[in-house]
Amino acid sequence: MALFLKVAELAEELAGEAGRLKKRAAIAETIAAIHTAAPETEDAGLFALYLAGTPFAEADTRKLNAGGALLSKALRAVSGASDAALTAAYRRHGDLGAAAFDLLQESEQGSRNKHQALTLDDVATAFAAMAVASTTAIRAGLVEGLLRRATPLEAKYLLKLMLGDMRIGVKQTLIEEAIAAAVSVPVAAVRHAVMLEADLADALRRAFAGTLDEARMRL
């Protein structure tokens with residue numbers, strides 16, 4: 001199973017890269033590697049979705065229902081930071097994910113048990129549970145569970161993902177291009193499948209399976 005760390009590491013690399021072609025090449029290479037390592041799983045599709053900053057596919061009506069207040073509370077609980085420390089970290093960056101990176105590096109959470117590695121499937125399972133959670137407390141507990149298992153870098157991008165703003169200069173259109181490059185198919189075919197089914201992960205699966213032309217309109 002692919003680790004969420006792959007999303008976090010590539011996102012951090014892309015955030016510091018201005019060149020569109022270099023970004024596309026890096027994304028395509030990682031997508032191809034993840035698919036090759038575990039072609040029978042949903043890892044490559046989840047990776048594409050998460051790098052695009054979308055917890056669920058566009059066609060999926062589920063929502064995380066986790067706003068800034070809930071995420072900030074969970075971060076304080078995990079990092080042990082005071083309200084003042086969190087406020088100061090947030091003001092330095094204007095971004096909760098970057099603030100989390102600072103706070104978790106300073107706390108004991110900066111060192112993680114290697115046996116608690118966070119996989120893409122772990123994140124997907126937690127997101128699915130958050131979408132159906134009946135109370136804010138349950139959602140907060142799920143977020144805390146993810147953050148306690150995350151490295152500071154993973155926590156940074158988990159929070160960015162949950163807020164729907166990765167801030168790495170990557171839009172879905174670039175990931176569609178990267179999928180096309182990874183599989184050596186026309187980007188128009190990938191975009192057509194995404195347009196019809198509103199599901200980036202499913203378009204990626206179809207691209208590798210050679211069934212892009214079988215995509216049908218999803219209402």
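Which residues in α2 meet which residues in α3? In this predicted model, Ile27, Thr30, Ile31, Ile34 and His35 of α2 meet Asp43, Ala44, Phe47 and Leu51 of α3. The residues of this contact divide into 6 nonpolar, 2 polar and 1 charged. Helix α2 spans residues 20-37 and helix α3 spans residues 43-51. Their axes come within 8 Å and cross at roughly 150°. Since angles over 145 degrees count as roughly antiparallel, α2 is therefore roughly antiparallel to α3.

The chain as a whole contains 12 helices and 0 strands. Read from the N terminus on, its elements accordingly run α-α-α-α-α-α-α-α-α-α-α-α. For 219 residues, a compact globule would have a radius of gyration near 17 Å, and the value for the chain, 17 Å, agrees with this. Taken along the principal axes, the box filled by the C-alpha atoms is roughly 55 × 40 × 30 Å. Of the 219 residues in the chain, 49% are buried. Among contacts in the chain with a separation of 6 or more, 69% are accounted for by residues 24 or more positions apart.

The crossing in which α10 passes α11 is right-handed. On the α10 side, the contact involves Gln172, Thr173, Glu176, Glu177, Ile179 and Ala180. These residues meet Val187, Val190, Arg191 and Val194 in α11. By class, the residues of the contact of α10 with α11 divide into 5 nonpolar, 2 polar and 3 charged.

Alanine 181 is also placed in helix α10. Its relative accessibility is 44%, so alanine 181 counts as partly exposed, a class that lies between buried (under 20%) and exposed (over 50%). Along the chain, alanine 181 and phenylalanine 208 are 27 residues apart, and the C-alpha atoms of the two are separated by 11 Å.

Methods:
Residues are numbered from 1 along each chain as its sequence is written. This is a predicted model: local features need pLDDT of at least 70, side-chain atom pairs count only at pLDDT 80 or more; totals for chains, interfaces and linings use all residues. Side-chain values use heavy atoms; hydrogens and water are left out. A crossing is left-handed if the near helix is turned anticlockwise from the far one by less than a right angle, and right-handed if clockwise. Helices (H or I, at least four residues) and strands (E, at least two) are DSSP runs, numbered from the N terminus. Contact means heavy atoms within 4.5 Å. Ala, Val, Leu, Ile, Met, Phe, Trp, Tyr, Cys and Pro count as nonpolar, Asp, Glu, Lys and Arg as charged, and the others, Gly among them, as polar. The radius of gyration is taken over C-alpha atoms; the globule rule is 2.2 Å times the number of residues to the power 0.38. Buried means under 20% relative accessible area, exposed over 50%, partly exposed in between (1.4 Å probe, protein chains only). Axes are lines fitted to C-alpha atoms, for helices over the stretch in contact, and angles run from 0 to 180 degrees between N-to-C directions. Angles under 35 degrees count as roughly parallel, over 145 as roughly antiparallel, 65 to 115 as roughly perpendicular and the rest as oblique.
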